[in-house]
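I opened this model to go through its side chains. My entries follow the order in which I looked things up.

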Amino acid sequence: MEAHMRDPIVVYWLRRLNATLTYRVMPEAVGAIDLLTRAVDVDIDATSAEQRCTAMHEMAHLVLGHGEPRDEREYEAMEDEANAWAADKLIPDWLLSYAL
């Protein structure tokens with residue numbers, strides 16, 4: 001089992017969303033999600049921190065109800081929104097306020 005699969009935050013959201021997580025070689029991306037099957041794919045060659053963040057980012061697309069973007073502008077907006085959601089879940093408020 002990958003180290004971050006024991007991460008309680010990742011495991012919690014996988015279970016809550018009834019999603020699956022698979023590690024595979026991904027030469028052109030770090031992660032991807034199939035919104036219909038709720039299958040999250042993460043690059044097996046990424047660092048554990050990248051894998052953890054990527055898994056949460058991809059699950060964010062499910063939570064936020066994202067679909068196929070109509071254009072580059074909408075794509076970028078969805079990516080920013082997914083990044084913000086993932087960061088919010090991965091970085092506790094107390095740690096963020098302490099660091100600032």
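Is leucine 95 buried, partly exposed or exposed? I found leucine 95 partly exposed, at a relative accessible area of 36%. Buried means under 20% relative accessible area, exposed means over 50%, and partly exposed lies in between (1.4 Å probe, protein chains only).

I note the ground rules here. The model is predicted, with local features needing pLDDT of at least 70 and side-chain atom pairs counting only at pLDDT 80 or more, while totals for chains, interfaces and linings use all residues. Residues are numbered from 1 along each chain as its sequence is written, and side-chain values use heavy atoms, with hydrogens and water left out.

**Surface patch.** I placed leucine 95 in helix α4, residues 93-99. Helices (H or I, at least four residues) and strands (E, at least two) are DSSP runs, numbered from the N terminus. Ile91, Trp94, Leu95, Leu96 and Tyr98 make a nonpolar surface patch of about 580 Å². Such patches take residues with over 30% relative accessible area and no salt bridge, nonpolar side chains being joined within 5 Å and like charges within 9 Å. Areas come from the Shrake-Rupley method with a 1.4 Å probe.

**Aromatic pairs.** I searched the whole structure and got two aromatic pairs. In one, tyrosine 12 and tryptophan 13 sit edge-to-face, 5.2 Å centre to centre with 90 degrees between the planes. Rings of Phe, Tyr and Trp (its six-membered ring) pair if their centres lie within 6.5 Å; planes under 30 degrees apart are stacked, over 60 edge-to-face, the rest tilted. Tyrosine 12 is partly exposed at 42%, whereas tryptophan 13 is buried at 10%. Tryptophan 13 also pairs with tryptophan 85: the centres are 4.8 Å apart and the planes at 80 degrees, so this pair is edge-to-face. That pair links distant parts of the chain, with tryptophan 13 in α1 (residues 8-17) and tryptophan 85 in α3 (residues 72-90), 72 residues apart. Tyr12, Trp13 and Trp85 form one aromatic cluster.

**Core.** Which residues have the most contacts inside the largest nonpolar core? I got Val10, Leu21, Met56 and Met59, in a core of 18 residues. A nonpolar core joins buried Ala, Val, Leu, Ile, Met, Phe, Trp, Tyr and Cys residues through side-chain atoms within 4.5 Å. Helix α2 gives the largest share, five residues. I also checked threonine 54, in helix α2. Threonine 54 is buried at 11%. Leaving out residues up to four places away in sequence, threonine 54 touches Val30, Gly31 and Val42 (contact means heavy atoms within 4.5 Å).

**Salt bridges.** I counted four salt bridges, each a side-chain nitrogen of Lys or Arg within 4 Å of a carboxyl oxygen of Asp or Glu. Aspartate 7 meets arginine 52 at 2.4 Å, N to O. Aspartate 7 lies in the segment before α1 and arginine 52 in helix α2, so the pair ties together parts 45 residues apart in sequence. Aspartate 7 is buried at 12%, but arginine 52 is partly exposed at 22%. Aspartate 41 meets arginine 24 at 3.2 Å, N to O. Here aspartate 41 is in strand β3 and arginine 24 in strand β1, 17 residues apart. Aspartate 41 is buried at 17%, and arginine 24 is partly exposed at 37%. Aspartate 88 and lysine 89 form another bridge, 3.0 Å from N to O.
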